[in-house]
Amino acid sequence: MSSDALTDVALPAPSRADAEAADRADLLAPVLQRFQLPAGVIYLDGNSLGAAPVAVTPLIEDVITRQWGQDLITSWNVNGWWELPARLGDEVGALIGAAAGQVVCGDSTSVQLFQALVAACRLRPGRTVILTDGANFPTDQYIADSVGRLLGLQVIRCPPSELAEHLDERVAVASFSLVDYRTGELFDAATVTNAVHQAGALMLWDLCHAAGALPVHLDAIEADFAVGCTYKYLNGGPGAPAYIYLAQRHQARAELPLTGWNGHRTPFALDQDYQPAESIEQARIGTPPLLSLAALGAGLAVFAEPELCSGLTSGLDSIRAKSLALTDLAIAFADSELAALGVEVVTPRSHERRGSQLSLRMEHAYEVCQALIGRGVIGDFRAPDLLRLGFTPLYLRHVDVHDAMTVLADVLASKSYLDPAYARRAAVT
Ligand SMILES: *Cc1c(COP(=O)(O)O)cnc(C)c1O
């Protein structure tokens, strides 16, 4: 494991032969075949939009031509459409340490944040503060502010590291991301959750940049709520439905604010008044987007592959080990080849504090990102000065990391990013 003290020691660049050897020994290598990826591209943005599974194409074709096309509305029963949000919820649950019956899929992370935050505040009446991280993804902060206005509560921004200064009997809920989307810092879920509980408050984790990339143990740490999207490391597809975790022990008393008819105890009784389902079904809202939901099934099915489930360690432990090997390799390369080119490694070096990405601070980060894309290396840019490279262990090889970092070193050394074509900003950056 590297440590911060190693930064200024000049090390030789990791060799491509070593990367090839690591790939030969990689038990997850066959999983790459489960994804459709274009030739000539090294995809380092699976933390923003995961790659398409091979199986999603026939699956969606079946949903459209047979289920929708032939079975029509009977599909809600005969093809299991009605059960799908909870069935896929359990599959997500298995990846985030949640026993069955505590997760459903649907809607977006933004919507699920609203649901979870309001429900958490209602479980702590009389408390007046919502804590969130000022470095949290914007939607997490915007939704917290809106819930604060709606319920007349104060929103205080503090990073998990400064939690102790703000935790008191006024706090209803703390809402943090397990992995910081910009820096890739991984927080200590158990310690933070425990501190929040000591103050009598509830813990809401946003798992967007964690689920599918590293083991999460929601039940074991006694988290109260969690939300996350499925289009990043879970490879559910663009705009795939999000999920919400509502711990079993809260299900009898929680009051979710979006009381759509799918969450009703007896939805087909078509009652005038809302009665929440007693199970996790209460967290359903309206009719789910079936095509997107079905596609998510193909993303989740990859995690049930034998390569990921067999062996001495569980699939997520293998995924985590490979993720750390990939980011270790990228960091070693950055230290030996990029430091002299003005690049700073922002992602924590210790394994305990690192998610599955590498964030590099540099001048002209936007233009460098575009120049990389021009050479088939797809990462992303996060304003104002970060190049963010995501490492999805399911479909990245060690040689991909080596080759991508080699291209990055070349782009920086040659200053090819100064080409005016790379300065143009598209709507999505
Ligand atoms: C990706 C991400 C989101 C996305 O929210 P949407 O409602 O799907 O747009 C929210 N929060 C965090 C922390 C994220 O990383």
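Mentor: Let's start where β4 meets strand β10 (residues 243–246): the two pair in the antiparallel sense, over 3 bridges. Look across that pairing and you'll find C105 standing opposite Y243 in β10. Keep in mind that this is a predicted model.

Now zoom out. That pair belongs to an open sheet of 7 strands, ordered β4-β10-β9-β8-β7-β5-β6, and the pairing is mixed. The edges are β4 (103–105) and β6 (154–157), each of which pairs on one side only. From one strand to the next, the twist averages 15°.

Helices come next. Helix α6 (residues 138–151) lies across β5 (129–132), β6, β7 (171–177) and β8 (202–206), and runs at about 150° to β6. Helix α8 (residues 189–198) also packs on the sheet, where it touches β7 and β8, and its direction makes about 150° with that of β8.

Helix α6 turns up again at the ligand: α5 (109–122) and α6 each supply at least two residues of the shell around it. In total, 13 residues surround the ligand, and the closest are S110, D140, H209, Y231 and K232. On its own the ligand has 390 Å² of accessible area, and the protein covers 86% of that.

Notes. Residues are numbered from 1 along each chain as its sequence is written. This is a predicted model: local features need pLDDT of at least 70, side-chain atom pairs count only at pLDDT 80 or more; totals for chains, interfaces and linings use all residues. Side-chain values use heavy atoms; hydrogens and water are left out. Two strands pair if DSSP finds at least two bridges between them. Helices (H or I, at least four residues) and strands (E, at least two) are DSSP runs, numbered from the N terminus. Axes are lines fitted to C-alpha atoms, for helices over the stretch in contact, and angles run from 0 to 180 degrees between N-to-C directions. Contact means heavy atoms within 4.5 Å. A residue is near a molecule or strand if one of its heavy atoms lies within 4 Å of it. Accessible areas come from the Shrake-Rupley method with a 1.4 Å probe; for residues, only the protein chains shown count as cover.
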